[in-house]
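Subject: Structure handover

Hello,

Here is the structure for your files. My notes on it follow below the model.

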Amino acid sequence: MTKGKFDPIVIGAGMSGNAAAYSMASRGLKVLQLERGEHSGSKNVQGAILYANMLEAIIPNFRDDAPLERHLVEQRFWLMDDSSHTGVHYRSDDFNELKPNRYTIIRAQFDKWFSSKVRDAGGTILCETTATKLARNLRGKVVGVHTDREGGVILADVVVLAEGVNGLLGTRAGLRDIPRPENVALAVKEMHFMPEEVIAERFGLNGSEGCVIEAGGTISRGVAGLGFLYTNKESISVGIGCLVSGLAGGMENPYRLLDAFKRHPSIRPLLAGSEIKEYAAHLIPEGGFKAIPQLFGDGWVVVGDAAQLNNAVHREGSNLAMTSGLMAGEAICQIKSRGGLMTKRNLSLYKGMLDKSFVTKDLIKHKDLPSLLHTDSHNFFMTYPTLISQAAQNFVRVDGEPKINREKATAASFIKARSRWGLISDAVRSAVSWR
């Protein structure tokens, strides 16, 4: 077991944990990072989107050797019923810039690379090690952790909880509640491998260009959820994520939803001939601003998914995780540099930094949207997508029936839906005003 006292102990080696550990190790702090897996990323087959400027603030030259898949030049948004999709897409050559804005990555590879940077910066990484309990002094201040290894308590000035949305260390210690089902989504994903040139042809890509498709509608069977497809160099990440409360309430099986999504007429041709090599499921925080727990206390801070820092509206998670990890690390370094103790009062600096950033500002802006989507998810994900599909088909189908008849039928359906939506909106606004 590692001996001696550390400045911080970081629990977890995902995006937020690596960002925190690197920011402190690169500034000379004695950092210990604990990871349950065989190595960072060993439990994660997730394909994801990396937002470059957040990582650039941590490792400016990351593009030199980071395992990046494709830089994204096109974003498609699809609203789907059972047999069609209505969509918009944005593609710009501006994204073929010297330093691209977004990349697809494979987390298993990327997390391992990020972890190597922590080690290069001087951090100590202990894998296949689970922190089982926070250690406290007689005044209740966190002073380290117990692990599943022999050797007793590992001491530190501060513990950074970057253990993910379902991490047990913080909940066992009473620092935050177990996430409620309506605040967590279950995402199921597969990696479909195919030749690089086939991916380029099917999505109209050149070189390292990439495309992302995000889709909502009847694919989630009335549950608040989203399907997605990311292009990598020689694989496609495809999956669907739905609120746990919706899956339980509707008795929906996420694996069946994913199979149906893959068989959809708009998705099936994109995956034809691929070889499935990897499969995974993981939880994503979806509660938004109102679900954020206490972020700091005597001897501890919480970052990333464990802090519910995920912007479901803009489908952003990794950038919030990295930014929170960076700011937690910077706050700890500032306190350390002026000889301060890791008290609750001093560690409030972390939350102050976070509140001034885009992270909190964006989450506050959309703080009521999660409850709005939960209020009438059946209409959002079943009724409205079907009506939009019908309207589009009525517009383009020519079969001898007067267009005026189809237009009247479509208008009547929308009026009926709009009337019901108006009642729902009034109810939500009243509830928000009352709070």
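Threonine 231 has isoleucine 236, in β14, as its bridge partner. The model is a predicted one, in which local features need pLDDT of at least 70 and side-chain atom pairs count only at pLDDT 80 or more, while totals for chains, interfaces and linings use all residues. Residues are numbered from 1 along each chain as its sequence is written, and side-chain values use heavy atoms, with hydrogens and water left out.

Strand β13 covers residues 225-231, and strand β14 covers residues 235-243. Helices (H or I, at least four residues) and strands (E, at least two) are DSSP runs, numbered from the N terminus. β13 and β14 pair in the antiparallel sense over seven bridges; two strands pair if DSSP finds at least two bridges between them.

Six of the seven residues of β13 are buried, so the strand is largely enclosed by the rest of the structure. Buried means under 20% relative accessible area, exposed over 50%, and partly exposed in between (1.4 Å probe, protein chains only).

Glycine 225 lies in β13 and is buried, with a relative accessible area of 12%. Not counting residues up to four places away in sequence, glycine 225 touches Gly216, Ser220, Gly241, Cys242 and Phe381; contact means heavy atoms within 4.5 Å. The C-alpha atoms of glycine 225 and serine 377 are separated by 9.1 Å, although the two residues are 152 apart along the chain.

**Strands β4 and β5**

Strand β4 (residues 68-80) runs antiparallel to strand β5 (residues 85-91), and seven bridges join them. Opposite glutamate 74 stands arginine 91 in β5. A hairpin of four residues links β4 to β5.

**Helices α1 and α9**

Helix α1 (residues 15-25) packs against helix α9 (residues 318-337) at an angle of about 30°, with the axes 7 Å apart. Axes are lines fitted to C-alpha atoms, for helices over the stretch in contact, and angles run from 0 to 180 degrees between N-to-C directions. That makes α1 roughly parallel to α9. Angles under 35 degrees count as roughly parallel, over 145 as roughly antiparallel, 65 to 115 as roughly perpendicular and the rest as oblique.

On the α1 side, the contact is made by Met15, Ser16, Ala19, Ala20, Ser23 and Met24; the α9 residues include Ser318, Gly325, Leu326, Gly329 and Cys333. The residues of this contact divide into nine nonpolar, six polar and one charged. Ala, Val, Leu, Ile, Met, Phe, Trp, Tyr, Cys and Pro count as nonpolar, Asp, Glu, Lys and Arg as charged, and the others, Gly among them, as polar.

Serine 23, in helix α1, has 1% relative accessibility and counts as buried. Leaving aside neighbours within four places in sequence, serine 23 is in contact with Gly325, Leu326, Gly329, Glu330 and Cys333.

**Helices α10 and α11**

The axes of helix α10 (residues 344-356) and helix α11 (residues 358-365) come within 4 Å and cross at roughly 60°. That makes α10 oblique to α11. Leu354, Asp355 and Lys356 in α10 meet Phe358, Val359, Thr360 and Lys361 in α11. This contact has three nonpolar residues, one polar and three charged.

Regards
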